[in-house]
Amino acid sequence: MDKKFVEAINTQLNFEIESAHVYLAMQNYFANKSLKGFEHWFQIQFREELEHAQKFMDYLNDRGERVEIRGFENPRNDFESILEILEVSLNHEKEVTRRINNLMKMAIDLNDYASISFLQWYVDEQVEEEANFSELIDKVEMLGNTGIFMLDRELGKRED
Ligand code: OFO
């Protein structure tokens, strides 16, 4: 395989492990707030990122290339609100999508058909990754409105 392309895949697989840590920190933020459902959801997200990294590792190994594991910055551990976490996550996924698209562009320019086929899975996966967070943002925003609506109805029943 092209050496620069192998280097770019190594960068991406390490970014997937970094992504896992980003979500692991969020999982534990929710655990600390006793929000069990969110904690569970982010634990699944954490595991998924490790699977994304593993797929890249398997691919490089299958093609006889060398995987290089690297370090990264500490993830963020504190947040202002649920909505902020979800917005940070959506922006993170948009960055992943941008990087995956760059890898696809490299594979196309190199006429590396095996890599084009392999990367298509990630292109499709990123549509889902972004949609998951967009939907969660919509739901949390709606929950806020519903909460106000319910309180408004309750206050409207006051008789004395
Ligand atoms: Fe691996 O897609 Fe999210 O980060």
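Predicted model: local features only at pLDDT ≥ 70, side-chain atom pairs only at ≥ 80, totals over all residues.

Reader: How are H2 and H3 oriented to each other, roughly parallel or roughly antiparallel?

Author: Helix H2 covers residues 36-62 and helix H3 covers residues 82-109. Their axes lie 14 Å apart and form an angle of about 15°. That angle falls under 35 degrees, and H2 and H3 are therefore roughly parallel.

Reader: Is the crossing of H2 and H3 left-handed or right-handed, and which residues of H3 make the contact?

Author: The crossing of H2 and H3 is left-handed. From H2, the contact is made by Phe-38, Phe-42, Gln-45, Glu-49 and Phe-56. By class, this contact has eight nonpolar, two polar and two charged residues. On the H3 side, the residues are Ile-82, Ile-85, Leu-86, Ser-89, Glu-93, Ile-100 and Leu-103.

Reader: How are H1 and H3 oriented, roughly parallel or roughly antiparallel?

Author: Helix H1 spans residues 3-32, and its axis comes within 11 Å of that of H3. The two axes cross at roughly 170°, which is over 145 degrees. By class, the contact of H1 with H3 has 17 nonpolar, four polar and five charged residues. H1 and H3 are therefore roughly antiparallel.

Reader: What distance separates the end C-alpha atoms of H3?

Author: H3 has 28 residues, and at 1.5 Å a residue these should span 40 Å.

Reader: What does H2 reach from its first C-alpha to its last?

Author: H2 has 27 residues, for which 39 Å is expected at 1.5 Å a residue. The model comes close to this, as the reach of H2 is 39 Å.

Reader: Is Leu-50 buried or partly exposed?

Author: Leu-50 has its place in helix H2. Buried residues of H2 include Glu-49, His-52 and Ala-53. Buried requires under 20% relative accessible area and exposed over 50%. With 38% relative accessibility, Leu-50 therefore counts as partly exposed.

Reader: Which residue follows H3 with a positive phi?

Author: A positive phi is found just after H2, where Gly-64 takes about 75°. After H3, the phi is positive and near 55°, and the residue is Asn-111.

Notes:
Residues numbered from 1 in each chain as written. Heavy atoms only, no water. Axes fitted to C-alpha atoms, helices over the stretch in contact; angles between N-to-C directions. Helix = DSSP H or I, 4+ residues; strand = E, 2+ residues; numbered from the N terminus. Parallel < 35°, antiparallel > 145°, perpendicular 65-115°, else oblique. Left-handed = near helix turned anticlockwise from the far one by under 90°. Contact = heavy atoms within 4.5 Å. Nonpolar A, V, L, I, M, F, W, Y, C, P; charged D, E, K, R; others polar. Expected span 1.5 Å × (residues − 1). Buried < 20%, exposed > 50% of the residue type's maximum accessible area, 1.4 Å probe, protein only.
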